[in-house]
Amino acid sequence: MLRSRKRESIQITTIFSLSIVVIGIIGVLALIPTNGSSATSGKELPQPHIAILQRPMTNRDKLPEGFQQLPVNDRLQDVSRVRLAIADAERHYYIAPAINDELCLLSTSGSGEQLMASGTCEKSARLVTSGIYLGETDASGLVKVAMIVPDGVTAIRTDQGNIYDVKNNVALIPASSPKTLQFVGGAFDGVMFKTNFGGVPIESK
């Protein structure tokens with residue numbers, strides 16, 4: 001369990017050039033970089049599309065109070081193009097187009113001074129070549145994964161043989177530190193990504 005910690009202000013720390021972790025006043029979320037992953041496929045792949053980014057904006061798509069003060073907000077093309085893809089009991093996950101033809105996957109919990117957020121921004125082309133996914137450690141040190149998937153993909157299969165459904169172009173994989181993530185369904189069926197989680201528990205900070 002991540003313990004609450006008093007912080008005087010919200011901070012942002014760059015871990016890798018394309019991956020960020022935001023430290024809120026009540027705790028720490030660890031972000032595992034996506035750099036170094038790779039995809040395998042025996043077929044030529046079509047241009048991927050993200051349908052959720054085409055739907056009209058609603059009030060639920062608005063980023064929480066305090067997010068606009070974070071440096072990563074400056075990388076977004078237009079906050080009106082951010083879309084809430086999925087939420088669980090702990091976090092909300094958003095897909096956001098960014099500058100320089102990047103695509104961001106953002107995770108938030110709370111708002112204002114209670115805001116905790118993490119995210120990753122990658123070139124859009126990496127969606128089907130090396131994957132755009134966000135890993136956060138749970139209390140046991142295992143990695144929980146959120147992953148953006150293109151239209152047509154209905155699920156993600158891990159090397160443990162588990163299959164997780166896709167909702168609004170995002171799949172959530174419970175804490176398991178998967179070594180591989182594989183698209184299921186559509187034109188990208190069978191495309192597999194090697195993660196750099198390596199199945200090794202990562203200690204929470």
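**Salt bridges and positive phi values**

Colleague: What makes the contact between the side chains of Asp-61 and Arg-55 a salt bridge?

Modeller: The distance from N to O is 2.7 Å. A salt bridge is a side-chain nitrogen of Lys or Arg within 4 Å of a carboxyl oxygen of Asp or Glu, so the contact between Arg-55 and Asp-61, at 2.7 Å, qualifies. This is a predicted model, in which local features need pLDDT of at least 70 and side-chain atom pairs pLDDT 80 or more, while totals for chains, interfaces and linings use all residues. Residues are numbered from 1 along each chain as its sequence is written, and side-chain values use heavy atoms, with hydrogens and water left out.

Colleague: Why is Asp-61 called buried, and why is Arg-55 called partly exposed?

Modeller: Buried means under 20% relative accessible area, exposed means over 50%, and partly exposed is in between (1.4 Å probe, protein chains only). Asp-61 has 0% relative accessibility and is therefore buried. Arg-55 has 28%, so it counts as partly exposed.

Colleague: How many salt bridges does the structure hold?

Modeller: There are seven. One of them joins Lys-144 to Asp-88, with the closest N and O atoms 2.4 Å apart.

Colleague: Why does the pair of Lys-144 and Asp-88 tie together separate parts of the sequence?

Modeller: Lys-144 is in strand 10 (residues 143-148) and Asp-88 is in the loop between strand 5 (83-87) and strand 6, so the linked parts are 56 residues apart in sequence. Strands (E, at least two residues), like helices (H or I, at least four), are DSSP runs numbered from the N terminus. Lys-144 has a relative accessible area of 15% and is therefore buried, whereas Asp-88, at 27%, is partly exposed.

Colleague: Which other residue forms a salt bridge with Lys-144?

Modeller: Glu-90 does, with the closest N and O atoms 3.8 Å apart. Glu-90 lies in the loop between strand 5 and strand 6, 54 residues from Lys-144. Asp-88, Glu-90, Arg-91, Glu-136 and Lys-144 are linked in a network of salt bridges.

Colleague: What makes the phi of Asp-101 worth a remark?

Modeller: Phi of Asp-101 is positive, about 55°, although the residue is not a glycine. Asp-101 lies in the loop between strand 6 (92-98) and strand 7 (102-109). Its relative accessible area is 52%, so Asp-101 is exposed.

Colleague: Where does Asn-169 lie, and is Asn-169 buried or exposed?

Modeller: Asn-169 sits in the loop between strand 12 (163-167) and strand 13 (170-173). Its phi is near 70°, a positive value in a residue other than glycine. Relative accessibility of Asn-169 is 8%, so the residue counts as buried.
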